[in-house]
Amino acid sequence: MDRCAVTRVLSVTSECAPLVKTGGLADVAGALPGALIGQGVRMRTLLPGYPDFLWKLRDPRVRAELPECFGGPARLLEARHAGLDLLILDAPHLFDREGGLYLGLDGRDWPDNPERFAALCWVASKIANGLLSDWQPDIVHGHDWQGALAPYFIARSPAAKQVRTVLTIHNIAFQGLAPAARLSALRLAPADFTSEGFEYYGKISMLKAGLIFADRITTVSPTYADELLTPEFGMGLEGVLQQRRSDLIGILNGIDLDVWSPEKDAHIIPYHNPVGKRPNKAVLRAEFRLPETVGPLCIVVSRLTAQKGLDLLLKALPVLLDHGGQLALLGTGDPELEAAFAKAAEHPNVSVRIGYDEWLAHRMIAGADAILVPSRFEPCGLTQLYGLRYGTLPLVALTGGLADTVIPATPATLAGNVVATGLQFHPIQAPALSNALARLCALYRQRELWHRMGRNAMAHPVGWDHSAAAYAALYKSLSGITQ
Ligand code: ADP
C-alpha cells in the first residue's frame with residue numbers, strides 16, 4: 001500500500017488536557033493532535049465520557065448507540081473542543097460517578113477499572129472495524145494500560161488486515177492487572193491467556209496485551225526506552241520488551257508552547273529573558289509568604305509519590321536552607337509525604353500547598369529560580385521542560401527523560417561557550433541531591449553565569465516540532481502512506 005493522503009489516527013486515551021488531567025499523559029494527548037496537523041496527520045481522540053467535562057462540550061452529536069457495552073448501554077459522541085476532534089464513550093455505568101478518574105472516594109482503584117478501559121479499547125476496535133460510516137483510522141494509537149487493549153482487540157478482528165497499531169508507554173509502573181476470572185467479562189480470548197500472550201504470572205496484564213499485539217511500541221524518551229529493557233526499570237516486563245526491542249522507540253514529549261510561554265502567559269507578568277522574571281518572583285514570594293533571602297527560590301510541582309523522589313528532597317532540604325535557599329512546593333498524593341512536607345513548612349523558608357492548581361503551577365514556574373525534579377525514575381517529565389521554557393533552571397535526577405532534556409552544569413559545559421541549562425545528580429540518593437543543591441546555590445551566586453544558563457534554558461527547543469515529525473514518520477511508515 002502506498003498512497004498520498006492524510007494519515008488518519010485514532011488516539012485512545014484515558015485523559016486529555018484541557019478537559020481532564022491527572023498527569024503528563026493528558027498534556028501529551030492534548031498537544032499531539034495540534035502538533036501533527038502540519039505533518040499531514042489528522043488525529044481524533046477517543047476519551048471516556050467523564051461527567052466533569054461532558055457538560056462543557058457544545059452540541060455533541062450521537063454517532064452510534066452501543067446497547068450492550070460492558071454491563072450497560074452506551075453512546076459514542078462526537079464533539080470539537082479546544083481544537084480537539086473528540087470521540088467520547090458516554091457510558092454512565094462505567095464513567096458517571098463521584099471520585100477520581102481511576103480512584104474512588106476511598107482512595108482505592110475502582111474495582112471495575114479493567115472493564116472501564118477494556119470498554120474504551122473495544123469501542124476503538126469497533127471504530128477501526130467501520131463503526132463510523134464516514135471515518136476509519138489508518139492507525140490506532142493507544143496510551144498506557146488504559147489504551148493497551150486496543151491493539152489486542154484490533155489484532156483479533158477483521159481490521160487487522162488494514163489498520164496498524166501503536167502503543168505508547170508513558171509509565172510502566174501502571175500495568176492494568178486483572179484476575180484471570182475476568183477473562184470473559186473483558187472480552188478476551190482464553191486462547192491468548194498464555195505467557196506468549198497477555199498472561200502475567202497467572203493474571204491478565206492489559207499492558208502486556210498491548211506490548212505483545214501492537215505493531216510498534218513507543219515510549220516518551222530515548223533514555224527511558226533503553227532503561228525499560230533492564231530489570232531495574234522494566235518492572236517485570238523487561239523480557240517482553242527485549243523481545244520487541246526492534247519495534248520499541250523513544251520519542252521525547254514536547255510541551256504546548258502557546259500554553260507554556262513566558263511572553264504570552266496570561267497568568268504571569270510576561271518576560272523575555274531571565275532577568276525579566278524578577279516581578280514574578282516577588283509575586284510568588286508574597287503568595288507563599290516567603291521572606292527575601294540570599295539564595296535561590298526553588299519549587300516543586302508534582303504528584304507526591306515515591307516515584308518522584310521527594311522523600312530524598314526532605315532529607316536534603318537542610319543543605320538548601322543552610323545556603324539561604326527556599327522551597328515552595330505544590331503537590332498532592334501520598335498522605336505521609338503530604339504530612340512530612342506540611343511539617344517541613346514550619347521552617348520560614350519552606351512553604352507548601354497541598355492540592356492541584358494549574359494556574360498556580362504557571363505562577364510558580366515563572367517566579368522561581370530553579371525547579372527540582374529528583375525522580376527515582378521519570379519516563380519523560382514535563383515540569384523540567386516548563387522550567388527550561390521559563391528560564392527556571394531544572395535540577396534533576398539523571399534518569400529517563402530528565403537525562404535527555406537537561407544539559408548539566410559541568411566544568412566542560414560551563415567553560416568558554418557555556419551550554420549548560422541546569423543541574424543533574426546521580427546516584428539518585430539524598431547525599432548526591434544534597435551536593436547538587438549546594439552546587440545550585442553556588443552557581444546562583446555567580447549572577448552572570450546564572451543568567452547565561454537561564455538564557456540557554458529559554459532557548460532550548462522544548463516544543464513538539466521534532467517529536468511530532470517523529471510520530472508522523474512512524475505512522476506513515478506503518479500505513480504505507482507518503483506525503
Ligand atoms: P507525571 O505524569 O508522572 O505526573 P509529568 O512531569 O510527566 O509527571 O507531568 C505532570 C503534569 O502534571 C505536569 O503538567 C505538571 O505541571 C502537572 N502537575 C502535577 N502536580 C500538579 C499540581 N499539584 N498542580 C498543578 N499541576 C500539577
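Strand 4 and strand 5 (residues 74-81) run antiparallel and are joined by five bridges; strands are DSSP runs of E with at least two residues, helices are runs of H or I with at least four residues, and both are numbered from the N terminus. Two strands are taken to pair if DSSP finds at least two bridges between them. Within this pairing, Glu-65 stands opposite Arg-75 in strand 5. The model is predicted, and local features therefore need a pLDDT of at least 70, side-chain atom pairs count only at pLDDT 80 or more, and totals for chains, interfaces and linings use all residues. Residues are numbered from 1 along each chain as its sequence is written, and side-chain values use heavy atoms, with hydrogens and water left out.

Axes are lines fitted to C-alpha atoms, for helices over the stretch in contact, and angles run from 0 to 180 degrees between N-to-C directions. Contact means heavy atoms within 4.5 Å.

Strand 7 has parallel partners on both sides. Strand 2 (residues 7-12) pairs with strand 7 over four bridges in the parallel sense, and Val-9 stands opposite Ile-139 in strand 7. Strand 7 also pairs with strand 8 (residues 164-169), again in the parallel sense, over five bridges; here Gly-142 stands opposite Leu-167 in strand 8. Five of the five residues of strand 7 (residues 139-143) are buried, so this strand is largely enclosed by the rest of the structure. Buried means under 20% relative accessible area, exposed means over 50%, and partly exposed lies in between (1.4 Å probe, protein chains only). In a regular strand the side chains alternate between the two faces of the sheet. In strand 7, Ile-139, His-141 and His-143 point one way, whereas Val-140 and Gly-142 point the other way. Helix 6 (residues 206-213) is mostly covered as well, with seven of its eight residues buried. Among these are Met-206, Lys-208 and Phe-213.

The structure holds 16 aromatic pairs. Rings of Phe, Tyr and Trp (its six-membered ring) pair if their centres lie within 6.5 Å; planes under 30 degrees apart count as stacked, over 60 as edge-to-face, and the rest as tilted. The rings of Tyr-50 and Phe-53 have centres 6.3 Å apart and planes at 75 degrees, so this pair is edge-to-face. Tyr-50 counts as buried at 4% relative accessibility, and Phe-53 counts as buried at 0%. The rings of Tyr-200 and Tyr-201 are likewise edge-to-face, because their centres lie 4.8 Å apart and their planes stand at 85 degrees. In this pair, Tyr-200 is buried, with a relative accessible area of 16%, whereas Tyr-201 is exposed, with 73%. One aromatic cluster is formed by Tyr-50, Phe-53, Phe-95, Tyr-102, Phe-117 and Trp-145.

Another open sheet comprises six strands in the order 16-15-14-17-18-19, with parallel pairing. Strand 16 (350-354) and strand 19 (423-425) are its edge strands, and the twist averages 20 degrees from one strand to the next. Strand 14 (residues 297-304) and strand 15 (residues 326-333) pair in the parallel sense over eight bridges, and Cys-298 stands opposite Leu-327 in strand 15. Helix 13 (residues 358-367) packs on this sheet and touches strand 14, strand 15, strand 16 and strand 17 (370-373).

Helix 11 (residues 310-322) and helix 17 (residues 430-445) pack at an angle of about 35 degrees, with their axes 8 Å apart.
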